[in-house]
Amino acid sequence: MTLLLQGLALGVLTGGLYALLASGLSLYFGVMRVVMVAHPAFLFLAAYLTYTAHTAFGVDPFLALPVTVPLFFALGVAVQRLLVARLAPDNLAMMSVLLTFGLALTIEGLLGTFYTGSYRSVSMDYATRSLTVGGVHLPYDKIIAFSVAALTLAVLFAVLVKSRFGRALRATIQHREAARLVGIPTERVAGYGFGVGLATAAVGGAVLALITPFFPASHWVWIGKLMAVIVVGGLGSVVGAALAAVLLGVVEGVVLVTVDATWATMMFYVFLFLTLLVRPQGFFGGRLAHRF
Amino acid sequence: MRIASRAFPLLIAALALGYPWLVPNYYLVYAGALTVMYAAMATSWNLLGGFTGYVSLGHSAFFGLGAYGTGLLVTRLDVPWAVALPVSAALVTALAAGVGVAAVRVRGASFVIVSIALVSMTNLVAQGWRSLTGGSSGLQVPSPFPGLHRGQTHMAFFYLFLALLALALLTWWYVSRSRFGAGLLAIREDEDKAESLGVPTAAYKVTAFALSALFVALAGGLYALWFGSLDPIFVFSILIGSNMVLMSLLGGVRHLYGPLLGALIVAPAGEYFLIALGETQIHLTATGLVLILVVLFMPDGILARFTRRRAGPSIPDRSAGERLHEVTP
């Protein structure tokens with residue numbers, strides 16, 4: 001029973017992180033109908049930058065964020081304006097996947113060349129202990145990861161719901177032509193949407209560096225997991241992705257403590273295929289994702 | 001013109017047959033066999049990608065399954081390799097048909113996601129099921145030609161892969177002239193219209209998916225017999241799948257010889273990178289950059305740029321209306 005609770009608690013904590021990491025993917029898909037396979041690669045780029053900042057200058061992973069977040073925002077805008085926006089619209093879905101796949105390979109190759117293929121990790125004193133509540137151990141690093149993810153998601157939602165930019169972004173997601181008709185510069189907004197998406201990758205990368213060892217090729221595992229999350233949640237739905245992330249995080253956590261790591265990861269794909277068989281548009285998304 | 005277009009493939013075929021005898025060392029025979037293997041796989045990939053427009057990044061799953069299927073049949077059940085190879089390929093094709101039923105229900109982006117997931121899943125199984133596959137320590141497969149030395153084995157497999165390539169090309173050519181092929185093209189142009197006009201889109205897509213898995217699985221099986229040791233990380237690597245896509249796109253997905261041309265460029269370039277730069281990861285960057293450039297500037301491939309009309313049997317440039325007219329009874 002304690003074991004199950006342990007799995008459940010860890011699952012919720014990890015699920016929060018998945019929600020943050022998947023939110024970027026939902027944004028890209030929303031504004032451009034693009035599945036950004038390179039998102040996890042950028043995530044690990046951020047993790048490596050955090051690692052360098054930590055080892056070379058002794059900077060705390062989270063103090064590097066004021067630099068990496070604007071940098072990644074600019075990168076995101078550049079990726080949208082210089083690459084994705086140039087694709088021919090008639091086969092955008094397939095070609096954009098290939099394009100971002102090329103980006104992912106490029107980043108992985110560069111990371112492998114500069115940092116070699118061996119494992120790296122950032123360990124902070126405050127993150128190594130764990131909190132024990134009623135026989136359930138909650139590592140501090142997981143708690144920090146969850147809090148940062150929750151905070152970032154809250155800020156993201158606030159921006160999307162309250163700000164003028166957020167309204168423009170949501171309008172662009174809902175109906176591009178209509179948004180343009182009422183005077184929203186959809187091209188620019190789509191660029192900023194990509195920027196915001198990659199900015200979440202910068203935060204996610206810093207968190208990831210703290211909680212897990214990483215090597216250049218590890219982004220492939222995350223592609224599978226995050227794709228499963230957004231498909232189960234419904235492509236393009238930020239809320240759906242967040243709910244699916246917590247759901248899959250819990251399933252993974254419980255299977256991890258009761259069976260083993262292979263099956264825990266396998267659950268993501270099981271849910272992916274089940275979703276496609278039963279409800280291809282996802283469980284929480286719906287209208288937007290239809291026929292993608 | 002007509003004679004030239006007839007004679008050209010014959011000349012290439014003659015060159016290919018003579019290649020192992022023309023090159024000065026066995027390393028080049030090895031590199032040639034690898035290139036022909038990739039050409040066969042890319043052509044096979046193009047049975048799905050070229051006709052239906054469904055881009056699969058996950059065909060390395062079938063490569064790996066074919067390889068492990070053949071390897072396991074030979075080592076665990078002592079089946080002769082000439083039997084193990086087709087049996088394992090048939091099993092993989094049946095499996096691909098099953099997966100295809102789920103996979104082709106979705107279009108565009110979701111299909112690519114499914115194909116990527118397929119590789120990750122098969123990789124997990126191969127690594128996790130230690131008692132059967134040997135896990136990450138690998139699987140050793142005995143050589144089918146114990147009498148030959150290493151160079152002669154490369155030569156034997158060069159011809160085996162060449163035969164496979166010929167088979168894949170012939171299948172593509174046959175499909176491109178069939179009613180089935182016309183239906184697949186209609187799916188690429190407008191799936192909803194094709195379906196409303198009575199093209200059995202689901203059945204056609206699953207068939208194309210399984211057919212394109214078949215030759216990739218055969219290539220995987222031959223690879224297992226050739227290399228003699230299988231490592232799940234390499235065999236189920238997403239890189240093999242992306243190589244098939246890159247080769248096909250670079251050469252031109254609408255042309256019979258497109259993937260072959262792409263393979264002739266990409267595979268030797270990859271080998272060259274490996275020699276020139278050693279075992280660094282920078283070759284990934286090179287592959288990635290080439291893929292980005294091709295997608296941005298040459299999505300129709302080299303052949304589309306050089307052949308204004310068609311040279312050799314390529315998919316004719318007709319309007320969607322004409323194609324639909326052809327497939328409806």
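Start at the contact between the two chains: select 39 residues of chain A and 35 residues of chain B, where residues count as in contact if their C-beta atoms, placed from the backbone, lie within 7 Å. This is a predicted model, in which local features need pLDDT of at least 70, side-chain atom pairs count only at pLDDT 80 or more, and totals for chains, interfaces and linings use all residues. Residues are numbered from 1 along each chain as its sequence is written, while chains are lettered from A and ligands numbered from 1 in the order in which they are written.

Stay on chain A and highlight H4 (92-115), H9 (219-233) and H11 (261-278); each of these helices supplies at least two residues of the side that touches chain B. (Helices are DSSP runs of H or I with at least four residues, strands are runs of E with at least two, and both are numbered from the N terminus.) Which helix gives the most to this side? H4(A) does, with 16 residues. Now colour that side of chain A by residue class: 27 are nonpolar, nine polar and three charged. Here Ala, Val, Leu, Ile, Met, Phe, Trp, Tyr, Cys and Pro are nonpolar, Asp, Glu, Lys and Arg charged, and the others, Gly among them, polar.

Next, hop to chain B and select residues 156-175, one of the spans that the unreviewed UniProt entry annotates as "transmembrane region"; such annotations may be inferred rather than shown by experiment, and UniProt positions follow the numbering used here, with feature names shortened. The span 156-175 of chain B is 100% helix and 0% strand, and its end C-alpha atoms lie 29 Å apart.

The chain A average is 83.

Terms used:
pLDDT = per-residue confidence, 0-100.
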